[in-house]
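These are my notebook entries on one chain. I wrote down what I looked up, in the order I looked.

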Amino acid sequence: MTLHWAEKCCSCCFNRAILDSDTPLQVKRKKLLIVVVSALLAASVFSLLSVFASLSTIPVLPAGVAIVSIYVSLSLIVFRHQVTDAFVAQVAIPYCVCIMFADLEGYSSYSDVFWPCFVLVVDVMLVLECPAKMSFYVVGLCIVWLAVVAAERILRFGMFDLSFLSTNQADRLEGCDCDILPCRVKHSRALTAMAVQLLVFYIDFVCTRGFAAAVLSEKNRILASIETANRIAVSLSRFDLESSATMLREAEIPDDLRSAFSSILRNLRSYKP
C-alpha cells in the first residue's frame, strides 16, 4: 500500500513538473531530481521529527537538506522551472555547505561524519549530464575540505571549536583525556584516514563517470543512428538512390540496419525504370 501511494505521488509530480517543451535531457533530469529529492526530504523530515521528539539540538544536515529539498520541490512541481546547469549548481552548493557544517559538527563532537555525502552529490551531477567542470568543482571542494579536516585533526588550530551546535562538554569528554577537545591525532592516523577517504572518493568518481560517459555515448550513437536511418529512408522514398548510397556508406549505423538498407537499395535499383 505504501509503495502504491509513493508511486502514485511520484507519477503525479512527474506529470506536473514535465512540460511538453522539455528536451529528453530535461525530462531525465527532472525525473531523477524528483526521486532523489523526495527520498532526501522524507529522510530529513524523519530525522527532524526524531530530534524534536528527543528535544535535542537540531542537526545541520537534516535541516539543511529539508530546506533545499523543499526549494527544489517547489521549483520543479509548483513553478515548473527548467533544470538548467545553473539550477543544478544552486542545488549542489547548498547541499555541499550543509555537508561541511554537518561534518564539522561530527568531528567536533565525536559523532557521525558526513563527507561521503559529497559522493552522492557528484554521482547525481554525473548522471544528470552536467558539465564536467561542475563535477570537478565539487570534487575539488571535497578534497580541500578533507585536507583541512586532516590538518585540523593534527594541528588543532581551532576550526573544530567553531562548531556552534556541538554537544555539551560532558559528552565530548568520553574517551578523551586531553585539555583541548577534541584531541589531536597522530600524523600517520590522520593522513591514513584522509588517504582512504580520497581513495574511496576517487574510485567512485572514476566508476560513475565511466558509466555515465558510456551511457551518454550509447544514447548519442542510438540517436545518430535513428536520425541517419530517417534521412536514408526519406531519400529512398524519393527514389534518390545515389544520395541514399552515399549516406549509407558514410553512416555509422548498426550492421543489421546497414544490411537491410543495402538490400532495399539493390531492390530499388533493379525495379527503377
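**Entry 1: the chain as a whole**

I began with contacts, meaning heavy atoms within 4.5 Å. Among contacts between residues at least 6 apart in sequence, 65% join residues at least 24 apart. I note that this is a predicted model, in which local features need pLDDT of at least 70, side-chain atom pairs count only at pLDDT 80 or more, and totals for chains, interfaces and linings use all residues. Residues are numbered from 1 along each chain as its sequence is written, and side-chain values use heavy atoms, with hydrogens and water left out.

Next I listed the elements. The chain has 10 helices and 0 strands; helices (H or I, at least four residues) and strands (E, at least two) are DSSP runs, numbered from the N terminus. Read from the N terminus on, the order is α-α-α-α-α-α-α-α-α-α.

I then looked up burial. I use buried for under 20% relative accessible area, exposed for over 50% and partly exposed for in between (1.4 Å probe, protein chains only). Of the 273 residues, 36% count as buried. The chain exposes about 16,100 Å², and carbon and sulfur atoms supply 67% of that area. Accessible areas come from the Shrake-Rupley method with a 1.4 Å probe; for residues, only the protein chains shown count as cover.

**Entry 2: helix α5**

How many of the residues of α5 are buried? I found 8 of the 11, so α5 is largely enclosed by the rest of the structure. The buried ones are Phe 118, Val 119, Val 121, Val 122, Asp 123, Val 124, Met 125 and Leu 126. I also looked up what lies over them: the cover includes α4, α6 and α8. Just after α5, I noted Glu 129 with a positive phi of about 60°.

Two packed helices are described by the angle between their axes and the distance between the axes. Axes here are lines fitted to C-alpha atoms, for helices over the stretch in contact, and angles run from 0 to 180 degrees between N-to-C directions. Angles under 35 degrees count as roughly parallel, over 145 as roughly antiparallel, 65 to 115 as roughly perpendicular and the rest as oblique.

For α5 (residues 117-127) and α6 (residues 132-155), the axes come within 9 Å and cross at roughly 170°. The two helices are therefore roughly antiparallel to each other. On the α5 side, the contact is made by Phe 118, Val 121, Val 122, Met 125 and Leu 126. On the α6 side, I list Met 134, Ser 135, Val 138, Val 139, Leu 141, Cys 142 and Trp 145.

I then took α6 with α8. Their axes come within 9 Å and cross at roughly 170°, so α6 and α8 are roughly antiparallel to each other. The residues of α6 that meet α8 include Ser 135, Val 139, Cys 142, Ile 143 and Leu 146. Among their partners in α8 are Ala 190, Met 194, Leu 198 and Phe 201.

Met 194 is found in α8 and counts as buried, at 17% relative accessibility. Leaving out residues up to four places away in sequence, Met 194 touches Ile 143, Leu 146, Ala 147 and Ala 150. Met 194 and Leu 146 are 48 residues apart along the chain, and their C-alpha atoms are separated by 6.5 Å.

Thr 208 is also in helix α8 (residues 187-237). Thr 208 is buried, with a relative accessible area of 14%. Not counting residues up to four places away in sequence, Thr 208 touches Asp 123 and Leu 126; both are among the buried residues of α5.

Is Phe 87 buried or exposed? I found Phe 87 in helix α4 (residues 85-108), buried at a relative accessible area of 4%. Beyond residues up to four places away in sequence, Phe 87 touches Leu 33, Tyr 71, Val 72, Ser 75, Leu 76 and Gln 82. From Phe 87 to Ser 75 I have 12 residues in sequence and 9.5 Å in space, C-alpha to C-alpha.

Cys 13 is in helix α1 (residues 2-17) and is buried, with a relative accessible area of 14%. Its contacts, not counting residues up to four places away in sequence, are Ile 34 and Ile 77.
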